[in-house]
Amino acid sequence: AKQEGRNNYQFFTPEMNTRASHLLRLETELRDALEQRHFTLHYQPQIHLKTGKVRGFEALVRWNHPQHGMIPPLDFISVAEETGQIVELGYQVLEQACREIKQLRETSKQPYYVAVNLSPRQLRDPGLVHSIAQILERTGLPARKLELEITETALMEQIDQSLALLHDLEALGVTLSIDDFGTGYSSLSYLKQLPVHSLKIDRSFVQDIPADPDDMAIIAAVTAMAQKLNIEVVAEGLETEQQFHYLRYNHCTLVQGYFFSPPVPFDQLEETSIKIQQT
Ligand code: C2E
Ligand code: CA
Ligand code: CA
Ligand code: CA
């Protein structure tokens, strides 16, 4: 009983109280932000290594807060995930991404796609497939030009439900990408059972090229096997010329990172893409 009492006491430490009230305030602020649509997207180009062309963009959400300015996703996505607000936020993100990239495809006359992140909580939303179908219809973006990024861990968490969901999404015509690849437990051989179009090698494997021979070996192995399985490989977090050469040497399909461009606001996207293709 004494032990229990102590634990209970520890649970209600001043820090916990502060954290709880912090979460509560954030939840309220998120609710307002969702109502007033204070979220905006930045886009980061993905460059095709063989041709040097920009093929598409990853949409990355920011909270445009009236007092605190631009808030990065790491400061609110996990809370939105915990409260379930990520479901509504996710639909706002999907709708904005599809609408803006549909517009850019028309003004630029380029066949761009957009990649959108889906969190584990969104995968459990029974209305997901239907809602995505409605968003595609409303915005007019062709389904095959929407790529959904799902993390390896989210996929493997409930693999049976995930499989059914992935097949429903595939039937809708959207493409699927495994995000943060290499940080979870899935084996490459397992991948061929999934309707997966591409996998994204996590930044943690890219950042230490050329210093870390283990990371380099992993990249070489992943790209070699993905090629045999006919799956595209996207490397994220590309920052240096040496990394660029190593990834090209290993036949990585696409790269994304500060070396070419940080994520930029929509109104700078066309200019940014043109500049990348001229270098
Ligand atoms: P992620 O999906 O792994 O996205 C890549 C992150 O790496 C982005 O951070 C991007 O800005 C950053 N990055 C890109 N190139 C480089 C580089 O060369 N060097 C370094 N150091 N970083 C680079 P960001 O925008 O802060 O997003 C962080 C995470 O938040 C994302 O990681 C993703 O998990 C999550 N996220 C962002 N937008 C959304 C969204 O709309 N929905 C959901 N569910 N999650 C999102
Ligand atoms: Ca991602
Ligand atoms: Ca990542
Ligand atoms: Ca490392």
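Predicted model: local features only at pLDDT ≥ 70, side-chain atom pairs only at ≥ 80, totals over all residues.
## A tour of the ligand sites

Now show ligand 1 itself. It sits in the largest pocket. Select its surroundings: 23 residues, with Q44, V61, R62, E239 and Y258 the closest. Colour the shell by class, and you get 10 nonpolar, six polar and seven charged residues.

- E239: an N or O atom of its side chain is 2.5 Å from a nitrogen atom of ligand 1.
- Y258: here a backbone N or O atom lies 2.8 Å from an oxygen atom of the ligand.
- R62: a polar side-chain atom is placed 2.9 Å from a ligand oxygen atom.

Ligand 1 taken alone exposes 810 Å², and the protein buries 84% of that.

Move to the calcium ion (ligand 2). Which protein atoms are its donors? Select E58 (OE), N117 (OD1), E149 (OE) and D179 (OD), which lie 2.2 to 2.3 Å from the ion. Along the sequence, these donor residues follow the spacing E-x58-N-x31-E-x29-D. Two of them tie together distant parts of the chain: E58 belongs to strand β2 and E149 to strand β5 (residues 146-151), 91 residues apart.

Last stop: draw a distance from the calcium ion (ligand 2) to the calcium ion (ligand 3). The two are 5.6 Å apart.

Methods. Residues numbered from 1 in each chain as written. Chains lettered and ligands numbered in written order. Heavy atoms only, no water. Near = heavy atom within 4 Å. Polar contact = N/O pair within 3.5 Å; in protein donor to acceptor, adjacent residues only side chain to side chain. Areas by Shrake-Rupley, 256 points an atom, 1.4 Å probe, with all protein chains shown as cover. 1 Å grid on protein atoms, 1.4 Å probe; cavity = no way out; pocket = protein on both sides within 12 Å on 5 of 7 lines; lining within 4 Å. Sits in = over half its atoms within 2 Å of the grid points. Nonpolar A, V, L, I, M, F, W, Y, C, P; charged D, E, K, R; others polar. Donors = N, O, S within 2.8 Å, 3.2 Å for Na, K, Ca; no water. Helix = DSSP H or I, 4+ residues; strand = E, 2+ residues; numbered from the N terminus.
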